[in-house]
Amino acid sequence: MFQIHLRKSHSALAIAFCCLSFSQIVSAQTLQDNQWHGGIAIGGSYASSNNVAQTFNLSANGTKATMEDKLGLYSVINYGSNTVNKVKTNTAQLLRIGGRYDYNMSANSFFFGGSELETNKIQNIDSRYSFNTGAGFKLIKTEDTSFDLFTGLGYSNTRFGTTIPPSPSSKKGVEFLLGEESTHKLSNTSSVKQRLAIYPGSSDIGTRGTFDVSLATVVANGWTLNASAAVSYTSKPSNNFKRTNSLVTFGFGYKY
């Protein structure tokens with residue numbers, strides 16, 4: 001997997017191999033067969049010269065759906081370090097796990113409840129947990145395209161690491177959820193997925209948002225070429241940390 005961290009202060013490139021999940025014939029719709037479908041991705045890189053740079057990446061997801069409901073689980077690990085003159089500096093240290101349950105109220109509408117746990121030391125986030133609930137509408141539902149809109153209400157609690165006054169050591173409160181997600185079948189072997197979620201909060205916790213997009217193309221026997229990008233934003237970061245954090249990856253994949 002090629003991995004690029006994009007920040008205003010610096011950018012880094014890492015090469016890795018990963019196993020991901022995509023089927024040989026792609027579809028915009030989730031299979032409703034009451035079976036688990038998903039994948040796992042493992043990647044990393046190692047470079048040694050005057051300095052030593054290494055990365056490790058793991059992501060996993062699974063979905064189990066029926067005509068009535070759907071359960072989705074996911075996890076992400078991203079670790080990186082750079083050693084210069086025997087001094088080691090971590091460049092990435094992220095762990096995120098979460099899930100969401102959808103219950104179909106009709107053919108085009110659903111109720112959902114979800115939660116997420118995260119730690120991101122590089123962004124000075126010791127821990128963050130959040131949960132939300134709400135409703136969504138399936139605006140487009142065809143073999144080639146699915147497009148959902150959703151909104152809800154939630155709660156988040158974030159604890160920071162080292163802080164410098166007047167920056168708070170934690171922030172918590174109620175936040176709204178506004179979002180959309182879609183899957184587009186480009187051909188029998190290629191598909192694009194994207195998701196945008198915005199969390200407007202109170203003046204104490206600010207507003208945060210995430211955007212994710214991925215492209216997968218089957219090349220042979222279920223193996224795929226994959227590209228993805230993720231951008232996260234917070235209006236009130238800890239201390240003087242950047243408000244925006246980005247990640248771009250390229251790799252190979254396979255799906256069960």
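These legends describe close-up views of one predicted model.

The model is predicted, so local features need pLDDT of at least 70 and side-chain atom pairs count only at pLDDT 80 or more, while totals for chains, interfaces and linings use all residues. Residues are numbered from 1 along each chain as its sequence is written, and side-chain values use heavy atoms, with hydrogens and water left out.

**View 1**
Trp36, Leu71, Leu73, Tyr101, Tyr103, Met105 and Phe111 make a nonpolar surface patch of about 660 Å². Strand E5 (69–84) and strand E6 (87–104) are the elements that give two or more residues to this patch. Tyr103 is found in strand E6. Tyr103 is partly exposed, at a relative accessible area of 39%. Patch residues have over 30% relative accessible area and no salt bridge; like charges are joined within 9 Å, and nonpolar side chains (Val, Leu, Ile, Met, Phe, Trp, Tyr) within 5 Å. Accessible areas come from the Shrake-Rupley method with a 1.4 Å probe, and for residues only the protein chains shown count as cover. Buried means under 20% relative accessible area, exposed means over 50%, and partly exposed lies in between (1.4 Å probe, protein chains only). Strands (E, at least two residues) and helices (H or I, at least four) are DSSP runs, numbered from the N terminus.

**View 1. The surroundings of Ser182.**
Ser182 sits in strand E10 (residues 170–185). Ser182 is buried, with a relative accessible area of 5%. Its side chain makes two polar contacts shown here. One is with the side chain of His184, at 2.8 Å. Another is with the side chain of Gln194, at 2.7 Å. A polar contact is a pair of N or O atoms within 3.5 Å; within protein, one must be able to donate a hydrogen and the other to accept it, and residues adjacent in sequence count only if both atoms are side-chain atoms. Leaving out residues up to four places away in sequence, Ser182 touches Ser146, Phe147, Val192, Lys193 and Gln194. Contact here means heavy atoms within 4.5 Å.

**View 2. Phe112 against Phe150.**
The structure holds four aromatic pairs. One of them joins Phe112 and Phe150 edge-to-face, with 6.0 Å centre to centre and 85 degrees between the planes. The pair links distant parts of the chain: Phe112 is in strand E7 (residues 109–120) and Phe150 in strand E9 (residues 145–160), 38 residues apart. Phe112 is buried at 0% relative accessibility. Phe150 is buried too, at 4%. Rings of Phe, Tyr and Trp (its six-membered ring) pair if their centres lie within 6.5 Å; planes under 30 degrees apart count as stacked, over 60 as edge-to-face and the rest as tilted.

**View 3. Tyr129 and Tyr155, a tilted pair.**
Tyr129 and Tyr155 form a tilted aromatic pair, 6.4 Å centre to centre with 45 degrees between the planes. This pair also links distant parts of the chain: Tyr129 lies in strand E8 (residues 125–141) and Tyr155 in strand E9, 26 residues apart. Tyr129 is partly exposed, with a relative accessible area of 35%. Tyr155 is partly exposed at 23%.

**View 4. A cluster of rings.**
Phe110, Phe112 and Phe150 are linked into a cluster by ring pairs.

Side chains of opposite charge can pair when their charged atoms come close. A salt bridge is a side-chain nitrogen of Lys or Arg within 4 Å of a carboxyl oxygen of Asp or Glu. The whole structure has eight salt bridges. Arg96 and Glu116 meet in one, at 4.0 Å from N to O. Arg96 lies in strand E6 and Glu116 in strand E7, so the pair ties together parts that are 20 residues apart in sequence. Arg96 is partly exposed at 22% relative accessibility, whereas Glu116 is buried at 18%. A network of salt bridges links Arg96, Glu116, Glu118 and Arg128.

**View 5. Arg100 with Asp102.**
Arg100 forms a salt bridge with Asp102, and their closest N and O atoms are 2.9 Å apart. Arg100 is buried, with a relative accessible area of 17%. Asp102 is buried at 5%.

**View 6. Arg195 with Glu181.**
Arg195 and Glu181 form a salt bridge, with the closest N and O atoms 3.4 Å apart. Arg195 lies in strand E11 (residues 190–200) and Glu181 in strand E10, so the pair ties together parts that are 14 residues apart in sequence. Arg195 is partly exposed at 26% relative accessibility. Glu181 is buried at 18%.
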